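Q: I am new to this structure and would like to learn how to read a few of its features. Can we go through them in turn?

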Amino acid sequence: MLPLGTAAPDFSLPDTVSGRDLSLADASEGKRGLLVMFICAHCPFVIHVQDELARLGDDYGSDGLGIVAISSNSVISHPQDAPDRLRAMASGLGFAFPYLYDESQAVAKSYTAACTPDFFLFDADNRLAYRGRLDASRPGNGLPVNGRDLRAAIESVLAGGAVTGRQHPSAGCNIKWAPGNEPPYFG
């Protein structure tokens with residue numbers, strides 16, 4: 001796992017909605033924090049929380065938090081995660097943040113992203129303040145999707161404070177690596 005306090009790994013990826021490349025600097029410039037979410041279109045864990053992801057964009061996107069979603073899944077094995085499907089997902093859910101496509105999977109590797117969804121929250125200095133789950137809800141467990149864990153971390157970062165309390169790891173479907181492209185930390 002990417003250690004807390006680590007500087008945000010750089011990226012420049014195409015936005016599936018606008019078609020323009022977006023960099024780490026673009027996403028974080030003038031912001032009090034940056035949320036990087038690794039998601040995709042097909043994962044049942046992402047589908048379970050997708051409305052809450054849209055609410056995060058609505059609730060915090062204009063509140064000093066940069067937000068980007070990134071899909072790093074291989075379209076060789078999972079064509080349902082191709083950029084046109086990501087664009088349709090973003091449009092259908094009204095995402096108020098860019099939805100980027102990491103075709104080479106290099107960005108997922110640099111973040112040590114392991115699953116979808118996987119959340120990385122950086123402070124105003126682009127240092128990792130939180131890496132963990134959205135909340136305790138999972139498909140079929142009956143718990144409400146409320147974003148409690150991630151929202152508490154966001155509130156701390158936006159207030160300029162440290163994220164306190166236990167950080168629970170994300171849970172979901174593993175990132176679908178292209179054949180032979182699995183990172184050394186995978187498995």
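A: We can begin with cysteines. A disulfide is counted where a pair of cysteine sulfur atoms lies within 2.5 Å. The model here is predicted.

Q: How many disulfides does the structure hold?

A: A disulfide is a covalent bond between the sulfur atoms of two cysteines. This structure holds zero disulfides.

Q: Is Cys 115 buried or exposed?

A: Cys 115 has a relative accessible area of 8%, so it is buried. Cys 173 also counts as buried, because its relative accessibility is 16%; the cut-off for buried is under 20%.

Q: How many cavities of 30 Å³ or more are there?

A: Rolling a probe the size of a water molecule over the atoms shows where empty space is left. Here there is one cavity of 30 Å³ or more, and the volume of the largest cavity is about 90 Å³.

Q: Which residues line the largest cavity?

A: Its lining has 13 residues, with Pro 117, Leu 134, Ser 137, Arg 138 and Ala 171 nearest the centre. Helix H2 (residues 44–60) supplies the largest share, three residues. By class, seven lining residues are nonpolar, three polar and three charged.

Q: How many aromatic pairs are there?

A: Rings pair if their centres lie within 6.5 Å, and the count comes to six aromatic pairs. One of them is Tyr 111 with Phe 120, edge-to-face at 5.5 Å centre to centre and 80° between the planes. Both Tyr 111 and Phe 120 are buried. Ring pairs also link these two residues with Phe 38 and Phe 122 into a cluster.

Definitions and conventions: Residues numbered from 1 in each chain as written. Predicted model: local features only at pLDDT ≥ 70, side-chain atom pairs only at ≥ 80, totals over all residues. Heavy atoms only, no water. 1 Å grid on protein atoms, 1.4 Å probe; cavity = no way out; pocket = protein on both sides within 12 Å on 5 of 7 lines; lining within 4 Å. Points joined across faces, edges and corners; volume = space filled by probe spheres on them. Helix = DSSP H or I, 4+ residues; strand = E, 2+ residues; numbered from the N terminus. Nonpolar A, V, L, I, M, F, W, Y, C, P; charged D, E, K, R; others polar. Phe/Tyr/Trp six-rings, centres within 6.5 Å; stacked < 30°, edge-to-face > 60°. Buried < 20%, exposed > 50% of the residue type's maximum accessible area, 1.4 Å probe, protein only.
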